[in-house]
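Hello,

I am passing a structure on to you, and I hope you enjoy looking through it. Please open it first; my notes on what turned up follow below.

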Amino acid sequence: MAKDMLGKGAISQRDGKTFAVAPHISGGIIDVAGLRKIVDIAEKYNAQALKLTSAQRIAIVGIKPEDLDNLWDDLQMKPAHAAGLCVRSVKICPGTTFCKKGQQDSVGIGLKLDEKNYGKELPSKLKIGVSGCLNSCSEHIIKDIGIVGTSKGWNITVGGSAGLKPRLGVTLNENLSDEEALDTVDRIIEYYKRHSKKKRLGEFIDEIGFEKFKAEIQ
Ligand code: SF4
């Protein structure tokens, strides 16, 4: 069985011979020419499939190891952080940019969060979700840091997770402006980075206590 080659953004597949790669696409938003380029390159290297992932990526599946370097040269895109101890994903719903139900600009704030934090090394993996209204299409409530828009501003939740130990995030702040929300996320990440030892954010908050965590972040 081939091993993952994280330096090349390549995850080994079940066949034991080929790899999946995924270029980073901020917020899962890409223009038509960018999408066509990915499709053309996938075809050039005989990909078995393109897989739309839950982290809003396009995985190119079934690539031979000897083609990985040339594929990335052709793509001229950065690999996504699909594994590793870092900010893994910033999932963004269409918000007021595209969605008629949107109450806040989830694309605007989400892309800023992505630019600032994506790939940042941390004590454990960390996922962020940004929803433009309480319909919660980015599933922010099961992200380590969740941000949801209401008519009064942004609410922030912390400690959510899916996977092996599923849990819902707990509300940390309500009715924040864009600047306040961005600043709060900065402080959460910095505090977590400085004080946690290999625990996911929710487990770290359990360890020190939510009220202490909240007081430290404010
Ligand atoms: S969470 Fe709200 S704004 Fe975002 S896509 Fe869903 S309905 Fe639209």
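This is a predicted model: local features need pLDDT of at least 70, side-chain atom pairs count only at pLDDT 80 or more; totals for chains, interfaces and linings use all residues.

Which residue forms a salt bridge with lysine 44, and how many Å apart are the closest N and O atoms? The partner is aspartate 74, and the closest N and O atoms of the pair are 2.8 Å apart. In total, the count comes to 10 salt bridges.

Next, the overall layout. The chain is divided into two parts, domain 1 (6-75) and domain 2 (91-217). Their C-alpha centres lie 28 Å apart. Where the domains meet, domain 1 gives seven residues to the contact and domain 2 gives six.

How much area do domain 1 and domain 2 bury between them? The figure is about 630 Å², with 56% of it on carbon and sulfur atoms. On the side of domain 1, His24, Ile29 and Gln56 supply 58% of the area buried against domain 2, more than any other three residues. The residues of domain 1 that touch domain 2 divide into one nonpolar, five polar and one charged. Between the two domains there are zero salt bridges, but four residue pairs are in polar contact across the interface.

Finally, the ligand. Which residues are around it? They are Cys93, Pro94, Gly95, Cys99, Lys101, Gly102, Gly132, Cys133, Asn135, Ser136 and Cys137. By type, this shell divides into five nonpolar, five polar and one charged.

I hope this helps you find your way around.

Best wishes

How values were computed: Residues are numbered from 1 along each chain as its sequence is written. Side-chain values use heavy atoms; hydrogens and water are left out. Domain bounds come from an automatic or database domain assignment. Contact means heavy atoms within 4.5 Å. Buried area is the accessible area (1.4 Å probe) that two parts lose on being put together, summed over both. A salt bridge is a side-chain nitrogen of Lys or Arg within 4 Å of a carboxyl oxygen of Asp or Glu. A polar contact is a pair of N or O atoms within 3.5 Å; within protein, one must be able to donate a hydrogen and the other to accept it, and residues adjacent in sequence count only if both atoms are side-chain atoms. Ala, Val, Leu, Ile, Met, Phe, Trp, Tyr, Cys and Pro count as nonpolar, Asp, Glu, Lys and Arg as charged, and the others, Gly among them, as polar. A residue is near a molecule or strand if one of its heavy atoms lies within 4 Å of it.
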